[in-house]
Amino acid sequence: MANHRLQSLSEELHPPLTQHEASVESDRCYFCFDAPCITACPTGIDIPLFIRQIKADNPTGAAKTIFDENILGGMCARVCPTETLCEQACVRNTQEEKPVRIGELQRFATDTLMDANTQPYEREASTGKTVAVVGAGPAGLSCAHRLALQGHAVTIFEAHSKPGGLNEFGIAAYKTVDNFAQREVNYVLSIGGIDVEYEKPLGPSLSLDDLKNQFDAVFLGMGLGNTNTLDVPGHDVGGVHDAVEFIAQLRQADNPQSLDVGNDVVVIGGGMTAIDAAVQSKLLGADDVTVVYRRDQDSMNASPFEQQVAQTHGVLLKTHWQPSQIIANNGKVAGVEFEKTAVQNGTLQGTGEKRVFTCDRVLLAIGQQFEANDTLNGLDLENRRIKVDENGRTSDAKIWAGGDCVAGGDDLTVSAVQAGKVAALSIHTQLSA
Amino acid sequence: MVDLKSNFLGIESPNPFWLASAPPTDKEVNVVRAFEAGWGGVVWKTLGEDPHIVNVNGPRYGAVYSSDRTLMGLNNIELITDRPLQTNLDEITRVKRNWPDRAVVVSLMVPCEEKNWSTILKKVEDTGADGVELNFGCPHGMSERGMGAAVGQVPEYIEMVAQWCKQHTKLPVIVKLTPNITDIRFPARAAKSGGADAVSLINTISSIVSVNLDTMSPEPSIDGWGSHGGYCGPAVKPIALNMVAEIARDEETRGLPISGIGGVTTWRDAAEFLALGAGNIQVCTAAMTYGFRIIEELTTGLAGWMESSGYNSIDDVIGRAVPNVKDWQELNLNYIAKAKIDQDLCIQCGRCHVVCEDTSHQAITAKVNGTRHFEVIDEECVGCNLCVSVCPVDNCITMEAMTEGTDPRTQQPISPEYANWTTHPNNPYGSGG
């Protein structure tokens, strides 16, 4: 049983394309004029070009085309909700409701180059300028790589003892097998010119003022620190866990199959984290896993594909139920009482109908929030996150920010990569002036 | 009721599909398998004199593929039969005796001396074969020894050898032509004036199919070296169709029976050859790609089309399209067509726009009122058909003839009259200036 579980955990949703599959799939791309898929990609990868390069038996050239816009193209190929981004825009949808499998082709190309362990880039000559990057997640890595490429010396300050951010701590294991997140970080850092200092969060021993004094520019990409808490009676009883923490624990565990995942799990939420946590629980041996969401299925942040993954793994999706209290027995969770919801006059409201779902474990996946505290030196905020302009500039002329910690983000890896890239270009322009 | 029976030069076969002289017809075992599968006849692989030739002992074939490894073109450096003459003669005798209703024609290639031809012709007659085909076509190997295409490229030799053969045998004589010449009509005329009963074409096209960029050897590679081979398969069909039509409509060769060869893969290919004047069809590469069972598709497809089009016999189809093949100067310059895009079928790939914009006449929009929209600008459209050619959707773009009004491009009225280049005012040699 343990072996079976382990195998399931390391199995991938999509096995990588073989050379022949990639050749056939690449031939399906029409090389569209002003291609809609490019517009739909948050990082603007020249998708038709990289697919054409695969077709022409030049996968490493294809990888460079991808990395030119998205240095974390390998991870994005694995975790992007392509069915709502590039693949949704593919003109093949109109023709046959079957888009070119862009994400899988992107993985084919990036895997080829990363397996060869060569960087397609050479750093520019040193500019003598230094940049501090806070956070070694997707935004920080993207920013750091681009700046290093342009000849600047970058130091990343990372709160954890390991780089990668949510790629390392927040994404289900089956999406990134074989320690891919760390391999990718190593690949990104192999450009040179980037130092990483671990266990260095912004705080009493590392202030923004210090960074501003020691570096020519600062980029903040620390993500969201806190998860939302469930404000219902009983939320603090034993057996109620945070889904993000559960995934982080799982990703860092030496023996994931030894984790206690419960038998009867209720996951509260409707996003990617809820799905990841539910599927992981199921793969690790939980008997019954139910995702309970307060709105309808179309409103779930998890894409239809993700929902399907959950369902095909035996996870039950229940919608229109919101938690009203956690029921405990001897200090341990025994069930969750939900109230039926309905949209009335355009707002979601409880109907008064209640029902208890018994369970021995609850995972909360109800979103993360930004912890705006005084380490930010009073940077302007917007919607309780850091306010930036279109170039990632904050209200401080020496500080840029991007990724989940800024206002207006969509919580996608690919968007964080773009934010880091855009900020790096802006920083470079300023440092070159 | 459709009858596929064929009578070519008095040689009867249950259908017009013969296997061309090539590896599939080299041995009794192959030919019997072909007849069991339903082929109408064979042209036995070319016999030569003893001592029999030898082949290379490495790869003989090279291929051009689509992305899905569909074979688009095949090239070979194989020579004529590499078995003793008597072995072949014995097998031919046995096959013809056992399969009296199938056509068995024997391909021949011997040095250009009358004695050599008269000797081998006698031996072939003794087998009971239905006819002979003179191989003046093979472009590789044998041509270096003054045979094959070396003969086919010199009309005087063709005429001379054809005459010898007609003198020394009562069997029908087919001259197989090489396409490796500048004007196919000259060798065809020579064959006719030498008394040949028919021509067959095309033989393979001189070709290097690819170069191995690691070893710098042409493919197929024999110990690091390559030699040009003969190219065949679907890729050569258009070249063959034109050559067949040129002979069919040439004043000097009109009426000379033609056995059509060159990339025939489906019934439609065969019907096109027949329509352009071929009296029967020879197939090789399709059989070498898929096996003999393709004959079922060829016969049922051809019969089905003939049935639905009201043709009862092969003779009804032969030459139907020949009157419509003209010299360019005869084409009607008053015929005006414009491309039309069916917006309901358009999938918005934009290829029509970009190729028209980049490489042609700037006659297709990319945006209309600020939104992506591809529409033909009649004022610019010359009716060239490039957009139709590149559109990935069946019937999305069509060429529509204008029958009245004014051509928006030239502002000239549409004329119902026929007018061609010979009478055009711009023609310095024409009668209209």
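Select Gln348(B) to begin. With a relative accessibility of 22%, Gln348(B) is partly exposed. The model is a predicted one. Gln348(B) sits in the loop between strand 17 (336-341) and helix 12 (351-359) of chain B. Check its backbone: phi is near 70°, a positive value in a residue other than glycine. Most residues other than glycine have a negative phi, and most peptide bonds are trans.

**Another positive phi**

Go to Asn395(B). Its phi is near 60°, again positive in a residue other than glycine. Asn395(B) belongs to the loop between helix 13 (386-390) and strand 20 (397-402) of chain B. At 62% relative accessibility, Asn395(B) is exposed.

**Cis peptide bonds in chain B**

Select Asp50(B) and Pro51(B). The peptide bond joining them is cis, with omega about -10°. Pro51(B) lies in the loop between strand 4 (41-47) and strand 5 (61-65) of chain B.

Now select Leu201(B) and Ile202(B). They are joined by a cis peptide bond too, and omega is about 10°. Look for Ile202(B) in the loop between strand 10 (198-201) and strand 11 (205-207) of chain B.

**A nonpolar patch**

Stay in chain B and show the surface. Select Ile208(B), Val211(B), Leu213(B) and Met216(B). These residues form a nonpolar surface patch, with about 440 Å² of accessible area together. Zoom in on Met216(B), in the loop between strand 12 (210-212) and strand 13 (217-219) of chain B. Met216(B) is exposed, at 57% relative accessible area.

Side chains of opposite charge can pair when their charged atoms come close. How many salt bridges are there over all chains? The count comes to 38.

Take Asp3(B) and Lys5(B) to start. Their side chains meet in a salt bridge, 3.6 Å from N to O. Asp3(B) is partly exposed at 34% relative accessibility, and Lys5(B) is exposed at 54%.

Next, select Asp269(B) and Lys237(B). Buried or exposed? Both Asp269(B) and Lys237(B) are buried. Their side chains form a salt bridge of 2.9 Å, N to O. Asp269(B) is in helix 8 (residues 267-275) of chain B and Lys237(B) in helix 7 (residues 237-249) of chain B, so the pair ties together parts 32 residues apart in sequence.

Follow helix 8 of chain B to Ala275(B), which lies in that helix. Ala275(B) is buried, at 13% relative accessibility.

**Three parallel strands in chain A**

Switch to chain A. Select strand 1 (residues 130-134) and strand 2 of chain A: they run parallel, joined by 5 bridges. Within this pairing, Val131(A) has Val154(A) of strand 2 as its bridge partner. Trace the chain from strand 1 through helix 10 (residues 138-149) to strand 2 of chain A; this β-α-β crossover is right-handed.

Why is strand 2 of chain A largely enclosed by the rest of the structure? Of the 5 residues in strand 2 (residues 153-157), 4 are buried, so the strand is largely enclosed.

**Charged side chains in chain A**

Select Glu197(A) and Lys200(A). They form a salt bridge, the closest N and O atoms being 2.5 Å apart. Glu197(A) is partly exposed, at 31% relative accessible area. Lys200(A) is partly exposed as well, at 33%.

Then select Glu25(A), Arg28(A), Arg92(A), Glu96(A), Arg101(A) and Glu104(A). A network of salt bridges links these residues.

**Last stop: cysteines**

Over all chains, the structure holds 0 disulfides. Select Cys41(A), which is in no disulfide; the nearest cysteine sulfur belongs to Cys86(A), 6.6 Å away. Cys41(A) is buried, at 11% relative accessibility.

Finish at Cys143(A). Its sulfur is 11 Å from the closest cysteine sulfur, in Cys405(A), which is too far for a bond. Cys143(A) is buried, at 0% relative accessibility.

Technical notes
Residues are numbered from 1 along each chain as its sequence is written. Chains are lettered from A and ligands numbered from 1 in the order in which they are written. This is a predicted model: local features need pLDDT of at least 70, side-chain atom pairs count only at pLDDT 80 or more; totals for chains, interfaces and linings use all residues. Side-chain values use heavy atoms; hydrogens and water are left out. Buried means under 20% relative accessible area, exposed over 50%, partly exposed in between (1.4 Å probe, protein chains only). Helices (H or I, at least four residues) and strands (E, at least two) are DSSP runs, numbered from the N terminus. Two strands pair if DSSP finds at least two bridges between them. A crossover is right-handed if, with the strands pointing away from the viewer, the path from the first strand over the helix to the second runs clockwise. A salt bridge is a side-chain nitrogen of Lys or Arg within 4 Å of a carboxyl oxygen of Asp or Glu. A disulfide is a pair of cysteine sulfur atoms within 2.5 Å. Patches are made of residues with over 30% relative accessible area and no salt bridge: like charges are joined within 9 Å, nonpolar side chains (Val, Leu, Ile, Met, Phe, Trp, Tyr) within 5 Å. Accessible areas come from the Shrake-Rupley method with a 1.4 Å probe; for residues, only the protein chains shown count as cover.
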